[in-house]
Structure formats: C-alpha cells, structure tokens
Amino acid sequence: MSKVYTTEELIQILADERQACLKGERLKLEVTVSGNPVIDQFIRTDGLQKFTAYQDFKNAIHDYQREHQVSGIVWKEVSVKGKILRYPEVDTQLTALSSDLEILQAAKNSILEFWYEVSAGMDLYLSFNNNKQHQLIFLSDVERIVQRTEWATLLKWENPNFLEIVLQLGWGNPEEASYKRGRPKSGSEFIHAVNPGNLPIG
C-alpha cells in the first residue's frame with residue numbers, strides 16, 4: 001500500500017509548488033488572455049500561465065485530499081489579553097472535507113465565547129466591499145449574523161499601541177467563503193473589534 005501524505009506534508013508540497021510556479025519553473029502554456037490568437041500574441045501571459053499552473057496543481061491536491069480523506073484542518077492558537085484559545089481552521093491552500101466542517105462547527109461556540117470575552121468594550125466594525133470599507137455596528141448586529149453562522153475563525157493584529165481582533169463568521173465551504181466566490185451557498189462576514197477611537201486596518 002502506498003503512503004498517504006499528511007495534512008502538513010500537503011501544505012509543504014503546495015508551498016514548494018507555488019514557489020516553483022512563481023519562479024516560472026511551471027507554466028500552463030496553452031493559457032490565453034483573450035482567446036483571440038491575434039490579440040494574445042501582443043499580451044504577456046506568463047503571470048497567468050504561472051497562476052493557472054498552480055491552480056491546476058492545487059485542484060489536484062484537493063482531489064487527493066478527498067480521495068484519501070486527508071483533512072484540511074490545521075490547529076491555530078491565539079493569545080489576547082492574557083487569554084489563550086486553540087482552535088481549528090482550514091488551511092488556506094487546502095479544501096475542507098465534510099468531517100472538517102463538523103470539526104469547525106463543533107468549535108464555533110468556544111471561538112465565539114473567546115471573542116465575546118476579549119472584545120468586550122471594544123468598537124465593532126463590519127467589513128464590506130472586500131474589506132476595503134468598514135461600518136460601525138453593535139453587539140446585537142453581531143448576534144444576528146451569528147444566527148446564520150456555521151463556523152467561525154479568528155485573526156489578530158497587535159502591537160504596543162494597537163489591537164484588532166477579527167472574527168470571521170462563515171457558512172458553507174471555507175475555501176469558497178473566504179474569497180466570496182461561493183455566495184450564497186458559501187460565504188462569510190468579518191467583524192473587526194478595535195479599541196475605542198481606532199479604525200480597523202485589516
């Protein structure tokens with residue numbers, strides 16, 4: 001029986017392949033920009049060829065994950081205001097199996113409890129327009145979004161003068177939700193907690 005790669009090994013394989021594609025060592029040569037050979041001869045396609053080569057490889061890895069039931073979950077740890085939480089998240093380059101979604105759903109409440117506790121007294125903003133704009137919201141707004149949420153994850157930016165805790169509230173496939181490609185079946189909202197008077201940077 002052949003060896004089945006682990007989640008960590010697949011992450012490293014994808015990182016190595018991504019670097020090879022960025023260096024131009026892998027190209028998908030049949031990629032065209034417009035589909036018109038007269039126009040395409042005047043357009044540089046090497047960036048698109050690199051990107052497409054990597055996307056094809058990543059899709060093959062996702063197929064491998066599903067075939068061999070290799071989880072896309074990685075475990076993260078976040079520390080805010082002296083409190084620590086260890087929680088699951090799907091790696092950004094991998095896909096989520098149905099068993100991964102169950103793990104994410106089981107962790108949702110502990111993530112929410114942690115976020116509510118460490119964000120108490122902070123200003124809350126909802127991001128929109130691909131995180132380019134933010135609107136001040138209230139805890140009641142967050143609670144309405146939580147009602148349709150299947151899973152959650154966290155992100156933190158911190159330095160001695162600034163703290164931002166981002167709560168991603170999602171539904172459906174995390175891979176599609178992060179990039180707003182899967183709406184309405186998959187999607188997410190980002191809630192930014194910042195100290196009063198600050199604005200989100202993320």
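Visitor: Where is Met-122 found?
Guide: In this predicted model, Met-122 is found in the loop that runs between α4 and β3.

Visitor: Is Met-122 buried or exposed there?
Guide: Met-122 has a relative accessible area of 9%, which is under the 20% limit, so Met-122 counts as buried.

Visitor: Which residues is Met-122 in contact with?
Guide: If we leave aside the neighbours within four places in sequence, Met-122 is in contact with Lys-81, Leu-163, Ile-165, Ala-193, Val-194, Asn-195 and Pro-196.

Visitor: New topic: how many residues has the largest nonpolar core?
Guide: The largest nonpolar core has 25 residues, and those with the most contacts inside it are Trp-115, Leu-154, Leu-167, Leu-169 and Ile-191. Several helices and strands each supply at least two residues of this core, among them α4 (98-118), α5 (139-147) and β7 (187-194).

Visitor: And which element gives the most to this core?
Guide: That is α4, which gives six residues.

Visitor: What is Ile-191 in contact with?
Guide: Leaving aside neighbours within four places in sequence, Ile-191 is in contact with a list of residues that includes Trp-115, Tyr-125, Val-142, Ile-165 and Leu-169. Apart from this core lies another one, of nine residues, including Leu-10, Ala-53, Tyr-54 and Tyr-64.

Visitor: Back to the helices, how do the axes of α4 and α5 cross?
Guide: Their axes come within 13 Å and cross at roughly 175°; an angle over 145 degrees counts as roughly antiparallel, and therefore α4 and α5 are roughly antiparallel to each other.

Visitor: Which residues meet in that contact?
Guide: From α4 there are Lys-108, Leu-112, Trp-115 and Tyr-116, and they meet Leu-139, Val-142, Glu-143 and Val-146 in α5. Sorted by kind, the residues of this contact are six nonpolar, no polar and two charged.

Visitor: How many aromatic pairs does a search of the whole structure find?
Guide: The search finds two aromatic pairs. In one of them, the rings of Tyr-5 and Tyr-64 have centres 5.9 Å apart and planes at 55°, so this pair is tilted.

Visitor: Where do Tyr-5 and Tyr-64 lie?
Guide: Tyr-5 lies in the segment before α1 (7-22), while Tyr-64 lies in helix α3 (residues 46-68), so the pair ties together parts that are 59 residues apart in sequence.

Visitor: And are they buried or partly exposed?
Guide: Tyr-5 counts as partly exposed, at 37% relative accessibility, whereas Tyr-64 is buried, with a relative accessible area of 19%.

Key:
Residues numbered from 1 in each chain as written. Predicted model: local features only at pLDDT ≥ 70, side-chain atom pairs only at ≥ 80, totals over all residues. Heavy atoms only, no water. Core = buried A, V, L, I, M, F, W, Y, C linked by side-chain atoms within 4.5 Å. Buried < 20%, exposed > 50% of the residue type's maximum accessible area, 1.4 Å probe, protein only. Helix = DSSP H or I, 4+ residues; strand = E, 2+ residues; numbered from the N terminus. Contact = heavy atoms within 4.5 Å. Axes fitted to C-alpha atoms, helices over the stretch in contact; angles between N-to-C directions. Parallel < 35°, antiparallel > 145°, perpendicular 65-115°, else oblique. Nonpolar A, V, L, I, M, F, W, Y, C, P; charged D, E, K, R; others polar. Phe/Tyr/Trp six-rings, centres within 6.5 Å; stacked < 30°, edge-to-face > 60°.
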